[in-house]
Amino acid sequence: MIGRNPKATLLRVVIWAVACLVVFRLLLLPVRVDGISMLPTYRDHSVNLVNRLAYLWHEPRRGDIVAIRFSHFETNGLGGLEQVASRLEPPHVMLLKRIVGLPGETVAFLDGRVVINGEPLDEPYEDAQKFPCDWNRAPVTLGPGEYLVVGDNRSMPQEDHTFGECERNRIVGKALL
Amino acid sequence: MKITLRLVLLIAVIAAGVWLWTVLFPGPEKIIRQRLAQVADSASFSPGENPLLTAARAERLGDFFSTNVEVRLDVPGHGQQVFSGRDEIVQTAAAVRSVIPGGLKVGLTDVTVAVAADQQSATADVTVKTQAAGEKDFNAQEVKFTLQKIAGDWLITRVETVRSLS
C-alpha cells in the first residue's frame with residue numbers, strides 16, 4: 001500500500017493534498033445549494049462548484065449563473081498582505097443567481113417576463129408551464145459595474161425571492177455544473 | 001549543517017514570539033472578532049434551557065451593547081423592527097427564547113472588520129446565519145455592526161441589516 005519507496009509515496013500524498021487544497025479552496029469552490037429559488041436548474045441540497053477564474057479574462061455575461069458574496073467586502077482599510085489574504089479567502093455563504101441584466105441596461109419585469117431596454121428577454125431555461133410567473137417590477141437602469149440577478153424559480157412570491165442589483169465586486173465566480 | 005539548524009531554530013523562535021505577542025496583545029480587529037463570536041454564542045440557545053441560565057445569558061448578551069444601542073432589522077417576511085437601548089435588547093433576547101422553545105443556533109461568518117484610524121470606532125460586516133432547531137435550512141442575513149471603544153471595551157452601538165441585493 002505504501003509502495004517500495006515510502007518517501008516518494010509520502011511526497012506524492014503531500015503534493016496531492018496541497019493540490020486539492022489550492023484547487024478546492026482557491027479556484028473551484030464546492031458549494032451546496034440551499035433553497036428552491038434556482039429550481040428547476042438546481043435542486044435544493046444539490047452540489048456544485050464555483051469557478052473563481054471564470055471572469056479573469058472577460059466580464060460576466062447574461063445567462064451566467066453566478067455565486068454572489070453575501071456580506072459586504074471592504075479591503076480599503078487593510079494592508080497589502082492582509083488585502084491579498086482577504087481576497088483569497090472564500091466566502092462561506094453565497095447567493096446563487098442568474099444574470100439577466102448587464103451594466104447600463106434598463107431592466108423591468110412585466111407580467112412575469114424580463115424586459116431589457118424595452119424588449120422582452122428570451123429565457124429558454126425558464127419553464128413557464130411548471131413555474132408560472134406574474135411578477136412586475138418598475139424599470140431600473142443599472143449603473144456601471146451593476147448586474148441584475150434573479151433565481152430561475154419565479155413561481156414563488158416576488159417578496160420571498162431574493163433578487164435585484166448586484167455589484168461586480170460581489171460576484172465570486174460562475175457555477176460550473 | 002549547524003548553521004542551517006540554528007537558522008531554522010531562530011526562525012521558529014521568532015515565529016513563536018510573534019504568535020505569542022498576538023495572543024497576549026491582540027489588535028482591535030481580533031478583539032472585535034472575538035466579541036462578535038461571543039455575541040453569537042450568547043444569542044444561541046438550546047431547548048429546555050434552565051430559566052435562570054436563560055436570564056443570565058440574555059443579560060450577558062446585553063453586556064456587549066452600549067446603553068444607547070440602536071438595532072434596526074429589516075428581514076424579508078418579518079417587516080422592519082427597531083430596538084433602542086440595552087434593556088430592550090435583553091428583554092427581546094429573553095422573549096425570543098420563549099417564542100422559539102426548540103432552540104436557536106446563531107453563527108457569524110465572513111466577518112470583515114474595518115477599524116477607524118483613531119482606533120476608537122469600527123464597523124463589522126457580517127453574514128449572520130440562524131437555524132432553528134429541527135429546521136433543515138438556515139437563514140442568512142447580511143448585518144452591519146458599528147462598535148465604539150467605551151471605557152476600554154468595544155461595545156456595539158448600532159446594528160442594522162443590509163440588503164445584499166438592492
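Predicted model: local features only at pLDDT ≥ 70, side-chain atom pairs only at ≥ 80, totals over all residues.
For the complex, it gives an ipTM of 0.73 and a pTM of 0.80. Chain B has an average pLDDT of 88, and 99% of its residues score at least 70. Within chain B, the lowest confidence falls in helix α3 (residues 51–62), with a mean of 83. The highest is in β6(B), at 94. Keep that strand in mind, as we'll come back to it.

Now for the charges. Side chains of opposite charge can pair when their charged atoms come close. How many salt bridges turn up over all chains? A search of the whole structure finds 14. We'll visit a few of them.

Find A:Arg62 and A:Glu105 in chain A. Their closest N and O atoms are 2.7 Å apart, and the two form a salt bridge. A:Arg62 sits in the loop between β2 (47–51) and β3 (65–69), while A:Glu105 sits in the loop between β4 (94–101) and β5 (106–110), so the pair ties together parts of chain A that are 43 residues apart in sequence. Are these two partners buried or exposed? A:Arg62 has 31% relative accessibility, so it counts as partly exposed. A:Glu105 has 12%, so it counts as buried.

Next, look at where the chains come together. B:Glu142 forms a salt bridge with A:Arg170, and here the closest N and O atoms are 3.1 Å apart. Why does this pair join two chains? It does so because B:Glu142 belongs to strand β5 (residues 139–150) of chain B, whereas A:Arg170 lies in the loop between β10 (164–167) and β11 (171–175) of chain A. Both ends are tucked away: B:Glu142 is buried, with a relative accessible area of 0%, and A:Arg170 counts as buried at 5%.

Finally, stay in chain B and pick out B:Arg158 and B:Glu70. Their side chains meet in a salt bridge, at 2.6 Å from N to O. B:Arg158 is in strand β6 (residues 153–162) and B:Glu70 is in strand β1 (residues 65–75), so this pair links distant parts of the chain, 88 residues apart. That β6 is the strand where chain B's confidence is highest. B:Arg158 counts as partly exposed at 25% relative accessibility, and B:Glu70 is partly exposed too, with a relative accessible area of 24%.

Terms used. Residues numbered from 1 in each chain as written. Chains lettered and ligands numbered in written order. Heavy atoms only, no water. Salt bridge = Lys/Arg side-chain N within 4 Å of Asp/Glu carboxyl O. Helix = DSSP H or I, 4+ residues; strand = E, 2+ residues; numbered from the N terminus. Buried < 20%, exposed > 50% of the residue type's maximum accessible area, 1.4 Å probe, protein only. pLDDT = per-residue confidence, 0-100.
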